[in-house]
Amino acid sequence: MAPQYAPSLRSRLGPILLFLQIGFIVIFAFYIEIDNEQIDKNKFSNLYPEFQDVNVMVFLSFGFLYSFFVRYGFSGSGFNFLVAIMATQWAILLNGIESWYSRGKIRVNLRSLVVAELCASSALISIGAMVGKTNPVHLILIALLEVSGFVLNQWLLQTLLKVQLLNSIMMLHIFGSFFGLMLTLILHRTESEQQFEKEKFDRKTGLFSMLGTLLLWMFWPSFNSILVDDRGRKLGVVFCTYLALAVSAVTAAAVSVLSSPKGKLNLIHVQSCVFAGGVAIGLSMSVVHEPWQAMTIGFTAAVVSTIGFRYLKIHMLLAFHSHDTFAVLSTHGLPGLLGWLAHLLLQIKDSDDHTTAIRFAVFHICSLLITISLSLSMGIITGLLLKWNFWRPQQDKKCFDDQAFWEFPQNAVRK
Amino acid sequence: MAPQYAPSLRSRLGPILLFLQIGFIVIFAFYIEIDNEQIDKNKFSNLYPEFQDVNVMVFLSFGFLYSFFVRYGFSGSGFNFLVAIMATQWAILLNGIESWYSRGKIRVNLRSLVVAELCASSALISIGAMVGKTNPVHLILIALLEVSGFVLNQWLLQTLLKVQLLNSIMMLHIFGSFFGLMLTLILHRTESEQQFEKEKFDRKTGLFSMLGTLLLWMFWPSFNSILVDDRGRKLGVVFCTYLALAVSAVTAAAVSVLSSPKGKLNLIHVQSCVFAGGVAIGLSMSVVHEPWQAMTIGFTAAVVSTIGFRYLKIHMLLAFHSHDTFAVLSTHGLPGLLGWLAHLLLQIKDSDDHTTAIRFAVFHICSLLITISLSLSMGIITGLLLKWNFWRPQQDKKCFDDQAFWEFPQNAVRK
Amino acid sequence: MAPQYAPSLRSRLGPILLFLQIGFIVIFAFYIEIDNEQIDKNKFSNLYPEFQDVNVMVFLSFGFLYSFFVRYGFSGSGFNFLVAIMATQWAILLNGIESWYSRGKIRVNLRSLVVAELCASSALISIGAMVGKTNPVHLILIALLEVSGFVLNQWLLQTLLKVQLLNSIMMLHIFGSFFGLMLTLILHRTESEQQFEKEKFDRKTGLFSMLGTLLLWMFWPSFNSILVDDRGRKLGVVFCTYLALAVSAVTAAAVSVLSSPKGKLNLIHVQSCVFAGGVAIGLSMSVVHEPWQAMTIGFTAAVVSTIGFRYLKIHMLLAFHSHDTFAVLSTHGLPGLLGWLAHLLLQIKDSDDHTTAIRFAVFHICSLLITISLSLSMGIITGLLLKWNFWRPQQDKKCFDDQAFWEFPQNAVRK
């Protein structure tokens, strides 16, 4: 039998990238201006180092985390990079729609960039569920639609429920993971029931992925605190995120060892679940004030996340045909829900009277319901769009394989 | 003969991690509070980027440096991460004992975190001597005891000799390396006399280790200067550390080539000895004011360190049965002693009269003697504790081997 | 036939490094002093994080980018590191000549270090053309001569044409690439016409190189903006560089797919050409004020750069016998020229009257001519010097091979 090649993306990827990019340039030319006047000089210097931390997370760490698979390193890191760039540009535009509507121009500053990158990171989480089973055209479509949905969700939360930006943007973990989950349900491949042939790692790709993990872990306090303006509050968020992450890492390792029959650590469990505390604190940071609260949340999140990864992932696959590559449900979805719950409970505990407590609870539950329903429905729409063969999905045999998308070694250097 | 498996750590590592972590959470709940009030707003913004530099060093760079061995990458980076987290939490508590004693509460801020991470890094240095020959339970015990000893040492130096924090904390290089040395003596394995079967590197692990090295090298100026409050002085420390490191790197390469019969560079010599200048400046920074002094110290430290690595390491092994994996004696101990000596000489030179010079010399020598004796005795205690088979050390054949501790590739991803 | 060993560098590299390093120490001892007095305290804190970004680029990212070749990782990253250190020290001295001449002392501060590292990075670009075909002695000579030429060029531009530092220093891309090009012409090796045996990459080295690429890409805004003092202007430069880089990355991927017969991405094209926008903005940043201008420049630069890499590199090799390893002509030279042109056009467009426009054009063209001629002539001088066999070049078969310079694995650890 002749070898089967993956379908060429020349007539898909190239034109789509050029079309979108030129489109962005044209729109930027007419509607974007740099917000030079209102600049608070100290703010720029204070924000810039954290902005670079977030950059490292969005453009590098996620990509290296996704380079876990033995033959998928270039795609894991390269496509993440590409997608993050497209999603960030798109998010700058979408976030500016309101100010464009009222003033005819979108003014951007460093803070807008940061917000756009946080929106992009919600798309990167969704992509975690689809790593290895999609081509770059799919990924770009996922990213654009996911970011659109996420920005719409934020707008709804802010308009209908007066949720603050700081709280609504941290819904990115929940939105991203449920969106990704819906994609795995709709874009199910039958081969995923047995293991994909190339869905495995080796000693070196595990280390690249460790690099991504550690960078994400270290800079997570910047991720959570970057939009907090009050300096005193910022220290609190940094400190609580740091402690929650520390506890998560230790707990993830402990649970991984305890749940392994041979008493060994599982690299991918540990790598994915060390963030659980950071995710949960992200969703509850406005009410977490004591270190021990942060640590307890981090502990619970890591237990839920690690056990979810070990047992839920395979169950989801067999029962629901949902092959969730990086188990985003367990690593972002569940810790996110837990953080949401912690927010609810702490806020109720802090309330003076019943009325405010109940009012808050109603609002809080509504904001979750809106987020999840929008996320699921956008996921369904996106999934159905991607089922179209026009986008040239690779064959099952070419899943988790760089060779489908990259010119390969020997003769690649010269010419 | 049936294959021999490494002993399962399920009943050791899991419970110990959970016990310690839950213990930390409980203690934090009762005694730790965030120091929000006294916050100097500018200070937070100024400290935060350097704090992240130190984070990169402690959580990532040391680990990747220790990922040098061909089958030990996951353990090298992963265990370093775990140990750093435990040691940091433990150090936050220990450093706060005094304020707990006087006020009943420990107030923490970003600076406390930094100090705790510096204490943790002294444990990471000790671990350098034991990389590959210990299991994670050992490493955690080493870290906790080392940090306890180091904090005690600092307290002694500050109470008895009025040594400033900035000087006493930089003793971490000397304390860590002598502590590690004592462990190698007590926990000697006979196989180490021949080379361990898996104690070797390859092209790729060498590069991971290079990554750790370069990150350590670049951020060392932050490591030395982060606790310096005066901004003018800070520039001096940054500049001197930078120059000393630069000279060290060049000198280490030159000595490595000159001492090689075939005129080739030795990767691990260069990687370990480029820091010698940073270490030496760390111990002498309060008296080094001229760039050339820093450069000369860096030069001498690199010569001593590289020659020590090339000739002393094997000599220590054969004569004293001390198998010091990353030669912490040569890479931290000797440059540390050199820095200590430089401090002494420069301070004496700067003194106006004999009395102060002699008084300083006595104090300075006492502080070294206290540090070394405490370090050696804590090392002996720790070593004896670790000899206990209860901790389930791996067999000699499983040294430098990830497979003893990590679920391995193929079937690790699914389930 | 007996195996051929690469010539030993013991009697070359060691003495040269020691001689230069001791020489630097002596000169520093007499002429360098730290500029403590005039320090603006806020400036230090504001500059330091960006300084570390530039450090990462100069010492780490370039090196990892150059670790692309399968057997050349240690040399790629290690020699880059060594060269960057030597070049930085040398540049500190050369940049200080003027102040030494007028005041007898060279005062250095953090800004001097940054300027020196930017000068060093021009040498690192030149080296990109020679990676794999030179030994470390060559590289150090190249670096010292290139930096000398570049500093001379800056002095000429500032003295003769009153070009501002911010503009003259960004000529580093043009100077570095033409210098490197001249070296490839003069130091031609016949085997390069067929592919060098070891000039290829694999899945893992590609990822190391990806790491270098992403770090360079992310921190490029710091590289362009670090010397901009005005905070409002700085935001503009950061923002424009960021957008130009984003557009470049997308465009490089699109052009790479479109120009590949099989519709696949080419890793090295993408990695090298994602910077094109950053380079071009570097040369035009003082006149680019609108985001869309930056994006258009980024777009054009990436198209030129990617097409140049795909077609020009092989053409240069066959027609001119110029084997330009990392195609610095296409990746730095052409985008640099494009940025220069954009500067010219935008400045003319902004001019009110013809006279100033023409005067500016003349000055601008002169500055380019001076830069290119000086760069080419210094390249010729350096190339001729390096042809001397005294420096012991490796044989063709030992090109792109770490084994020529590094003690190799198994027995390297012990001893």
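**From values to terms**

Author: Let us begin with S259(B), which is buried, its relative accessible area being 15%. Please keep in mind that this is a predicted model.

Reader: Why is S259(B) called buried?

Author: The term buried requires a relative accessible area under 20%. S259(B) has 15%, so S259(B) is buried.

Reader: Where is S259(B) placed, and with what is S259(B) in contact, its neighbours within four places in sequence left aside?

Author: S259(B) sits in the loop between helix 10 (231-258) and helix 11 (267-273) of chain B. With neighbours within four places in sequence left aside, S259(B) is in contact with R310(B), Y311(B) and R10(C). Here contact means heavy atoms within 4.5 Å. As for T306(B), its C-alpha is 9.2 Å from that of S259(B) in space, although the two residues are 47 apart in sequence.

Reader: What makes A327(C) and F400(C) worth a remark on phi?

Author: Most residues other than glycine have a negative phi. A327(C) is not a glycine, yet its phi is positive, about 50°. F400(C), also not a glycine, has a positive phi of about 55°.

Reader: Where do A327(C) and F400(C) lie, and why do they count as buried?

Author: A327(C) belongs to the loop between helix 12 (291-320) and helix 13 (328-350) of chain C. Its relative accessibility is 1%, which is under 20%, so A327(C) counts as buried. F400(C) is in the segment after helix 14 (354-387) of chain C. With 0% relative accessibility, F400(C) also falls under 20% and therefore counts as buried.

Reader: How do you know that the span of helix 1 of chain B is close to the one expected?

Author: Helix 1 (residues 13-31) of chain B has 19 residues, and the span expected at 1.5 Å a residue is 27 Å. From its first C-alpha to its last, helix 1 of chain B reaches 27 Å, close to that expectation.

Reader: Which residues of helix 1 of chain B are buried, and what makes them line one face?

Author: The buried residues are L13(B), G14(B), L17(B), L20(B), Q21(B), F24(B), I25(B) and F28(B). Viewed down the axis of helix 1 of chain B, these buried residues fall within an arc of 150°, so they line one face of the helix. In an α-helix there are 3.6 residues a turn, so residues three or four places apart point the same way.

Reader: What covers that buried side, and what does the face turned away from it carry?

Author: The cover includes helix 9 (231-258) and helix 12 (291-320) of chain A, together with strand 1 (32-34), helix 3 (73-95) and helix 6 (136-161) of chain B. The face turned away carries the exposed residues F19(B) and F30(B).

Reader: Why is helix 7 of chain A called mostly covered?

Author: Of the 15 residues of helix 7 of chain A, 14 are buried. Helix 7 (residues 172-186) of chain A reaches 21 Å from its first C-alpha to its last, close to the 21 Å expected.

Reader: How do you know that a three-fold rotation axis describes the relation of chain B to chain A?

Author: Chain B superposes on chain A, with an RMSD of 0.0 Å, by a rotation of 120° with 0.0 Å of shift along its axis. The two copies are thus related as by a three-fold rotation axis. In chain B, P49(B) has the C-alpha nearest the axis, 3.6 Å from it.

Reader: What rotation superposes chain C on chain B, and why are the surfaces through which these copies meet called different?

Author: The rotation is 120°, with 0.0 Å of shift along its axis and an RMSD of 0.0 Å. In chain C, the C-alpha nearest the axis is that of P49(C), at 3.6 Å. Only 7% of the interface residues of chain C are also interface residues in chain B, so the copies meet through different surfaces.

Notes:
Residues are numbered from 1 along each chain as its sequence is written. Chains are lettered from A and ligands numbered from 1 in the order in which they are written. This is a predicted model: local features need pLDDT of at least 70, side-chain atom pairs count only at pLDDT 80 or more; totals for chains, interfaces and linings use all residues. Side-chain values use heavy atoms; hydrogens and water are left out. Helices (H or I, at least four residues) and strands (E, at least two) are DSSP runs, numbered from the N terminus. The expected span of a helix is 1.5 Å times one less than its number of residues. Buried means under 20% relative accessible area, exposed over 50%, partly exposed in between (1.4 Å probe, protein chains only). The arc is that of the directions from the helix axis to the C-beta atoms. Copies are superposed by least squares on the C-alpha atoms of residues with pLDDT of at least 70 in both.
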